[in-house]
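These are my notebook entries on one structure. I looked up its charged pairs and then its nonpolar cores.

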Amino acid sequence: MKILSYFFIGIVFGVGLILSGMTLPLKVLGFLDIFGNWDPTLAFVMGAAVITTTAGYQLILRRSSPILENSFSLPTVRAIDTKLLLGACMFGMGWGLVGFCPGPVLTAVSSLTAGTITFVCAMFAGFWVVGLAK
Amino acid sequence: MDILQYSDAILGGATIGLAATLLLLLNGRVLGISGIAANIISGQSYSRKYSISFVCGLFLAGWTAFRLIPGALADSPVTDLKILALAGLLVGIGTRLGNGCTSGHGVCGLSRFSKRSLFATIAFMASAIATVYLTQHIWELGQL
């Protein structure tokens with residue numbers, strides 16, 4: 001049941017990314033190009049996603065536990081440190097270079113093109129490298 | 001401004017929010033893709049099979065759209081595989097050091113009013129905007 005729930009939510013999330021245009025790197029780069037020919041569309045994606053999630057979270061967190069697990073597993077780290085900001089800046093550089101972030105590229109890699117496969121392999125290599133260091 | 005022009009964006013964003021809401025409701029977790037994907041290799045956060053299952057769902061959504069709807073997916077305008085590899089590596093390392101990406105910090109973190117996620121989101125947005133500015137308008141690599 002839990003496995004199915006993750007699979008189903010993955011599909012819903014993928015549909016959301018496709019509907020919103022996040023799987024089109026050119027559109028993503030147009031959104032990031034605020035000093036050029038700025039395309040504000042993806043700001044509406046972010047806005048709608050945050051509003052929906054905020055509303056959903058408020059309702060759910062009144063519960064004592066989620067449906068399929070005994071307790072909530074929410075992030076507990078609160079530090080705003082160099083590691084957080086350096087990591088976020090590195091992520092932003094990669095995102096801004098080609099227009100892919102993790103969710104959209106894992107959706108777009110289903111087209112099995114050399115570009116998306118290369119990006120995904122390198123991304124997993126990055127996960128692995130940091131995992132080694134920990 | 002014509003709001004209908006943005007209806008797909010709003011519907012898509014709401015669907016992303018629905019997915020995030022469902023994951024908290026059913027499994028009690030925030031929806032962070034970089035964390036889910038990295039857990040496939042580390043298996044540190046929870047059982048690998050859940051992360052694999054989620055990514056298979058993403059892949060299936062993409063694959064189905066790719067078959068049925070022309071133009072639903074696209075490659076990056078950057079076609080140089082060396083740059084794609086560099087970008088992938090930066091995204092992989094950066095999201096692990098910063099513990100999150102667009103979904104985890106940008107959507108779920110902001111929705112939990114997390115100050116840490118707010119700072120991360122500002123940092124990666126600023127960095128991405130600066131990168132696009134440099135590559136497009138200063139160095140004029142010209143993919144756009």
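Is Lys27(A) exposed, partly exposed or buried? I found Lys27(A) to be partly exposed, with a relative accessible area of 26%. I note that the model is predicted.

**Entry on salt bridges.** I searched the whole structure and recorded three salt bridges over all chains. In one of them, the side chain of Lys27(A) meets that of Asp39(A), at 3.4 Å from N to O. This pair links distant parts of the chain: Lys27(A) lies in helix H2 (residues 25–32) of chain A, and Asp39(A) lies in the loop between H2 and H3, twelve residues apart. I looked up Asp39(A) too, and it is partly exposed at 22%.

I next found a salt bridge between Glu69(A) and Lys2(A), at 3.6 Å from N to O. Here 67 residues separate the partners, with Lys2(A) in helix H1 (residues 2–20) of chain A and Glu69(A) in the loop between helix H3 (41–60) and helix H4 (82–98) of that chain. Glu69(A) is partly exposed at 25%, and Lys2(A) is partly exposed at 28%.

Lys82(B) counts as exposed at 65% relative accessibility, whereas Asp80(B) counts as partly exposed at 31%.

**Entry on nonpolar cores.** The largest nonpolar core holds 72 residues, and Leu106(A) and Phe54(B) are among those that touch the most other members. Helix H1 (residues 7–27) of chain B gives the largest share of this core, eight residues. Apart from it, I noted another core of five residues, including Ile18(A) and Ala61(B).

How values were computed: Residues numbered from 1 in each chain as written. Chains lettered and ligands numbered in written order. Predicted model: local features only at pLDDT ≥ 70, side-chain atom pairs only at ≥ 80, totals over all residues. Heavy atoms only, no water. Core = buried A, V, L, I, M, F, W, Y, C linked by side-chain atoms within 4.5 Å. Buried < 20%, exposed > 50% of the residue type's maximum accessible area, 1.4 Å probe, protein only. Helix = DSSP H or I, 4+ residues; strand = E, 2+ residues; numbered from the N terminus. Salt bridge = Lys/Arg side-chain N within 4 Å of Asp/Glu carboxyl O.
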